[in-house]
Amino acid sequence: MDAGTGKAEGRETVRQSEPVNGARADRQGGVVREFLEFIEQAPDQSVRDVTGRILLRCRTLTSAEAGTVFILRLRDGTRWLEAMSVQNDVIETGAANFAIPVDERSIAGYVAATGRTLFIDDAYAIPDSWPFRFNSAFDLKSGFRTRSILCFAMRSYEQRTIGVVQLINRRGGDGRIYPFLAEHEEMIAPVNHLVGRAIERIDSLEQIAEQNRLLRVRNEELRIARERADALRAETERAFMATVELLGRAAERHDYDTGNHTQRVNEYSFRLARLAELPDEFCSEIRYLAALHDVGKMAVDKAILHKPARLTDEEYKEMQRHTVYGFEILSVHERMAMAAEIAHSHHEKWDGSGYPRGLVGEAIPIAARIVAIADVYDALRSDRPYKAGFDHARTVEIMTRGDSRIDPARHFDPRLLRLFAENQHVFDEVWTESLGRRTAMDPKERSDEADVEPAPVRSRG
Ligand SMILES: [Fe+2]
């Protein structure tokens, strides 16, 4: 630069002409006090309010007829000067809603980039050797005529540039425009860091408040999304459970019209699982999956299922295969793992005399051992074409002491059987409740087929 540069109060200045000092700046102390007062008087004001007041004060002190305050912002890794306040005593100005990049091509950008203070006597006569240019677009549009400029950086306490103040056209008492004086900078420089620190603090608070607002909006969006996801999950779960129930009922219809047998088996199994102190998840799962224990019967010929006479050996084997068919149907989906286990093993017996695999003791899945007890209890209590259902006391007697077909010690898990015997009223309650529901819903329903049938007809599963 070929024009004058120098240092005043530790600040480097760039002047278009030699400095001209007016009256001595003996008002500095007063100015500092004034700035401190107005910053402290209104601690809750916004950055725009504070910058507006600062600009007005700077303009009053220097007799500038116009000015702009910019705040430095980082956007996507680029530094920008955002106009916060624009004032002009001569013409109407729009809102301060523009920004200019921090580089050495504009006057304010140069000040922000270098930290230097600029004294420009005539904006239209800036030396070619200077890197920045005056942008005359505003003057051309508005008819305003920019001439002298004083442009300086506002600094944080750590001397970091946080914004730029640009003062335009110092108007003298005679109405003419004069260059800004060295004393103007000397007056403003001491208060600069005070103002800068106040703005920095308010700006930080505003940015935190804005980030908090955005966070609240985001949290609300997340909450709504979560609610939607929960509702969808609940809906999917309801649909899944309805499908399971329909599948159980479809199997029931294919076999015999057995009313609420499968739903009761669900309920007995759930109660017994609870008595056995199995995990909550297990208990709620068996409560709707136990109903699928005979799903495999849908793959067995109805002629066999409904045959009124004794089954041939071949027919009997086919009947027993309902366990394997059920397993094959249900094991295609992991959500049905317990149902597949139950379907496969609910005819296994504790001593290994059951089917299809002849599993022994605890090798039989616990869910299947539970359903075995539930299934037999319900079968004994139910009416059959060939017998009336037993009452609760007789049913418990058969299950705990045995009869011609049932040998409790060989058939059932002894621990589960003991729990059944000790809490037998629970089973009677389920049965009685179900009767109430059936009467209300469908008085014609009848219950029959399960695991226990009198000779000579063989068990049909
Ligand atoms: Fe069965």
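Modeller: Happy to! Let's begin with Asn169, which lies in strand E8 (residues 161-171); helices (H or I, at least four residues) and strands (E, at least two) are DSSP runs, numbered from the N terminus. Two notes before we go on. This is a predicted model, in which local features need pLDDT of at least 70 and side-chain atom pairs count only at pLDDT 80 or more, while totals for chains, interfaces and linings use all residues. Residue numbers start from 1 along each chain as its sequence is written.

Most residues other than glycine have a negative phi, and most peptide bonds are trans. Asn169 counts as buried because 27 other C-beta atoms lie within 10 Å. The cut-offs are 20 or more other C-beta atoms within 10 Å for buried, 12 or fewer for exposed, and partly exposed in between, with C-beta atoms placed from the backbone.

Asp76 also has a positive phi, about 50°, although it is not a glycine. You'll find Asp76 in the loop between strand E3 (64-75) and strand E4 (78-88). Asp76 has 5 C-beta neighbours inside 10 Å, so it counts as exposed.

To find Pro356, look in the loop between helix H11 (337-345) and helix H12 (366-381).
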